[in-house]
Amino acid sequence: MYSWLFPPLAASAVLTAALVLLLARSPPLQRALLFGHVARFPRWLVDHTNLLAAGLATSARNVTCVTPTGAVLRGWHLTPPGPPFPPPAPHLAAPDDGRGGDGSDSGGGRGGSVGDPLAAAAWATAVDEHFDARLASDTRTPVFVFFHGNGGTRGTPPGRVHFLRTLAAHTHAHVVAFDLSGYADSTPAPAVPRASPPPPHLASARSWRARLSAAAGRLVDHLFPAGPTPESVAADAVAVIDTWLAPRVGGPEGVRLRVIPYGHSLGSVAALAAAAGAAADDIGCGNQLPSPQLQLPQRRRQVAGVVLSAPIANLPDAAATHFLSAPLRALPSVWRFLEPVVAAAADGRMDNEAAVAAVAADLPLLVVHGRTDRVVPASHGRRVAAAASSARAGKGRRTSGADAVPVAPVRLVLTDAPHNGNYAASNYFPELTAWLDGVMVPARKGRGAS
């Protein structure tokens, strides 16, 4: 009677099994799903170098950071409210579509077509000198370093640019937002070339299974290009602070007094890695995760503070609660098969509970999470805040004498906002401003007026 159902059900079962096996055997596909870097907005919708179209022409510049691994990270630097840099003179640049005639970024990293290459180069230098001077001289203003989450970029529509502008204006802060390697227009580190194919007289001897597997591998590499990895996320975050930002804010002391990594969603992993700096391998960015009960060595904070917005507790648990995994979780045997695959893809490097338990005890920490967040449930934010508080209450965190490390409080703020909307909640900026006032006390006492 229901025999007509058998063919579609059988086809669905075969297709599901094939997709599950492909996911289990394909690291590029695993990374594509975990990081979402293959989600590309068309250039006509989001052109990350066109500051005029983004509404950032008078308050931001395009910036580039080349990491020690060879990745080229591109981003924006937004300034707090203040005297804007004068617009370009007509003979230097005409602010039409924000792109040069060859489609490349032009003039001072700001966007704008130019007629005279020498004048454009002079203008670019003047713009960078102006922005660098403001960044160096505003010694009493914070510097947020924003890291986006899965599938996002620094210009994700519709609200990312508005958030960055609002953050800079409301907190009177510099905001630096880089796309990590593989996202948007940032390029990953050069890949290790594949082994050359065997000679023709040997290739013919290969089994059809080997040839099919090789062809499938090439197809997957084409569909899912190289992008971020758990290792590169931490390395890129540290490079942004050490390579690009530190020389512009007065070195390590300027970083310690003013720089605040701000991680959203999966970007919370990068923010905590940036906060740890050279000690990143010791805080959940390496293969061995420290136990929260472990008596950790005393060390001073390396940044002014950290903000985590809608953070994940750890990557496997985030995958297990994400709405996109619901169909797979509806098949318990399939999900049990995929759970170790997800854990292996994370490689023990994306555990924020372990990370916050191991950062310096005097690091001010603000965790913001929306109660209505359906992408990363609020329970993740609560777990991260609880892990940090529990570690700081441990006996190994308190010492006396000259080497004492004061214990900074952990603040958890819950909003009535969805995953990407915390900044629009009524209690967001009052809570952030109050927290920021305490974080910036050392900079405003120990440094000169801006």
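**Close-up views of a predicted protein model**

The accessible surface of the protein chain is about 20900 Å², and carbon and sulfur atoms account for 63% of that area (Shrake-Rupley method, 1.4 Å probe; for residues, only the protein chains shown count as cover). The model is predicted, so local features need pLDDT of at least 70 and side-chain atom pairs count only at pLDDT 80 or more, while totals for chains, interfaces and linings use all residues. Residues are numbered from 1 along each chain as its sequence is written, and side-chain values use heavy atoms, with hydrogens and water left out.

View 1. The structure holds seven aromatic pairs (ring centres of Phe, Tyr or the six-membered ring of Trp within 6.5 Å; planes under 30 degrees apart are stacked, over 60 edge-to-face, the rest tilted). Phenylalanine 144 and tyrosine 262 form an edge-to-face pair, 6.2 Å centre to centre with 75° between the planes. Phenylalanine 144 belongs to strand 3 (residues 143–147) and tyrosine 262 to strand 5 (residues 259–264), 118 residues apart (strands are DSSP runs of E, at least two residues, numbered from the N terminus).

View 2. Phenylalanine 146 and tyrosine 262 form a tilted pair, 5.7 Å centre to centre and 45° between the planes. Phenylalanine 146 lies in strand 3 and tyrosine 262 in strand 5, so this pair ties together parts 116 residues apart in sequence. Both phenylalanine 146 and tyrosine 262 are buried (under 20% relative accessible area, 1.4 Å probe, protein chains only).

**View 3. The aromatic cluster.** Phe144, Phe146, Phe163, Tyr262 and Tyr423 form one aromatic cluster.

Note on methods: Helices (H or I, at least four residues) and strands (E, at least two) are DSSP runs, numbered from the N terminus. Buried means under 20% relative accessible area, exposed over 50%, partly exposed in between (1.4 Å probe, protein chains only).
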